[in-house]
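Dear colleague,

Please find below the structure that I promised to pass on to you.

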Amino acid sequence: MSKSCLTMDKLVSHCKTVGFVYPGSDIYGGLANTWDYGPLGVELKNNIKRSWWKRFVQENPSTYGVDAAILMNSRVWEASGHTASFSDPKMDCRECKTRYRADNLIEEHSKGEVNPDTMTNEEMEAYIEEHHINCPRCGRHNWTPIRQFNMMFSTSRGVTDEGQDLIYLRPETAQGEFVNFLNVQRTTRAKVPFGIAQIGKAFRNEITPGNFIFRTIEFEQMEHQWFCKGEDGDKFYHEYKQKAWQYLLDLGFDEAELRFKDHDKLAHYAKAACDIQYNFPIGWSELNGIHNRTDYDLSRHQEYSGKPMQYLDPVTNEKYVPYDIEYSIGCDRLLLAVLCAAYDEEQLEGGDSRVVMHFHPFLAPYKVAILPLQKNLGDKAKELYATLSKHFMCTYDETGSIGKRYRRQDQIGTPMCVTIDFDTLEDDTVTVRDRDTMQQVRLPIDQLVSYVQERVQFN
Ligand code: GAP
């Protein structure tokens, strides 16, 4: 199928029908920009996180993981600048009262070809007027001026109404890595350069025109901070650009669907910044970011906490605040890209067709489907399920024709189907059918674990 045939609506419908993602609070009519992962989605998401952790933590002896608290001392957000300036340019449709981000309206109208990051609020208002961008909900054109809204969700802690402290749900996981810089360095005796990585939830009061899980108010980030000497910043910035790119290729993304996009306007603390964009059905959009954040974050925490954030070089005795190269990717956004890249509608010989998700086998929710040819082969099939499920996520299906059962597995992306037939009872062999080629091989059961293992690696 040509990628241009895949619409977000088609993907949302497929995800809901087979159990990847459901609308959040569905039975109550939903809650805008929240989604729940179903039985397949949770497996896919866990596998994405595993692949990232394997690549950036497990295989990197100088990177250490943390899992910091979502709720942090409010001073963290003063130091990071979020309290003062983590805001978005919002405008309301005066007709239907729907609120939008002005930059998103421009991005979507131009299919990602115009970058609103470089525009002032006045320029964005002028662009929206000039291109007559209408309200995506009611179709009319009657906008309020742009106003800035802080995107942090706040809550309070304390036992009495009077003595409550205002605290925030973290809008990025990165600050949990910065505030633990010295804890990690001291406990691991790490020498600069070294990395701190984290996967966790972040929350932003996003007002968006939907687009499924592309931009949500609660999402997971996979963030990696690489602390280095200032003079090595450029070198590592380029290195992490390449590592981030290679990771996506190794997950099976087509290079033609990815591109680097340098930021036209750098944040005041950044020395260099770029995104990797993916060609989503909504157009080219950010998948991940890479920043040279200089020594800004650690210096700010040093200033606001009064605690030194310097590293003492054990060889030269030099004391300095390291630079940070940040690589940040949204887990849900990557999952959306993985779904888009995997989805295919294939025409088969004989006029038949199938929907198939060509996931990298490491990411596939189930590695193996166990299918007894007939129900009375169920005991043998369940025995096999018990053996294989000790090693991999497996699924079991004994209803419907074998052809229908293959199709069901294709549409959820199961890389291998194992069929148990009457010969299995005689010679302990099974048929293994490949999702992508639909080719079948006959294998002894005792070779199955290693056969599957070999095919589901992520390297
Ligand atoms: N610490 C840097 C940081 O948070 P960001 O560009 O705001 O930078 C990093 O976010 C990544 O997190 C993005 O590239 C995107 O993949 C993901 N992301 C950001 N906001 C999101 C949202 N509202 N919903 C889903 N993913 C989001």
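Which residue in β21 is the bridge partner of I370? In β21, that partner is Y396.

Before the rest, please keep in mind that this is a predicted model, in which local features need pLDDT of at least 70 and side-chain atom pairs count only at pLDDT 80 or more, while totals for chains, interfaces and linings use all residues. Residues are numbered from 1 along each chain as its sequence is written, and side-chain values use heavy atoms, with hydrogens and water left out.

The sheet: strand β20 (residues 368-372) pairs with β21 in the parallel sense over three bridges, where pairing requires that DSSP finds at least two bridges between two strands. Both belong to an open sheet of five strands with mixed pairing, in the order β21-β20-β22-β23-β24. Its edge strands, each pairing on one side only, are β21 (394-396) and β24 (440-444). Helices (H or I, at least four residues) and strands (E, at least two) are DSSP runs, numbered from the N terminus. Helix α13 (residues 402-410) lies across β20, β21, β22 (416-420), β23 (429-434) and β24, and runs at about 165 degrees to β20; such angles run from 0 to 180 degrees between N-to-C directions, with axes fitted as lines to C-alpha atoms, for helices over the stretch in contact.

The helix pairs: α2 (residues 39-58) and α9 (residues 233-250) pack at about 140 degrees, with their axes 11 Å apart. The two are therefore oblique to each other, a word kept for angles that are not under 35 degrees (roughly parallel), over 145 (roughly antiparallel) or 65 to 115 (roughly perpendicular). I48, S51, W52, R55 and F56 in α2 meet Y240, K243, A244, Q246, Y247 and D250 in α9, contact meaning heavy atoms within 4.5 Å. Helices α5 (residues 102-109) and α6 (residues 121-130) cross at roughly 45 degrees, their axes coming within 10 Å, and they are therefore oblique to each other as well. On the α5 side the contact is made by A102, D103, L105, I106 and H109, and on the α6 side by M124, Y127 and I128.

A loop residue: I213 lies in the loop between β10 (194-203) and β11 (218-228). I213 is buried, with a relative accessible area of 2%, where buried means under 20% (1.4 Å probe, protein chains only). Leaving aside neighbours within four places in sequence, I213 is in contact with V21, W35, Y37, D332, L335 and L336.

Terms used. Buried < 20%, exposed > 50% of the residue type's maximum accessible area, 1.4 Å probe, protein only.
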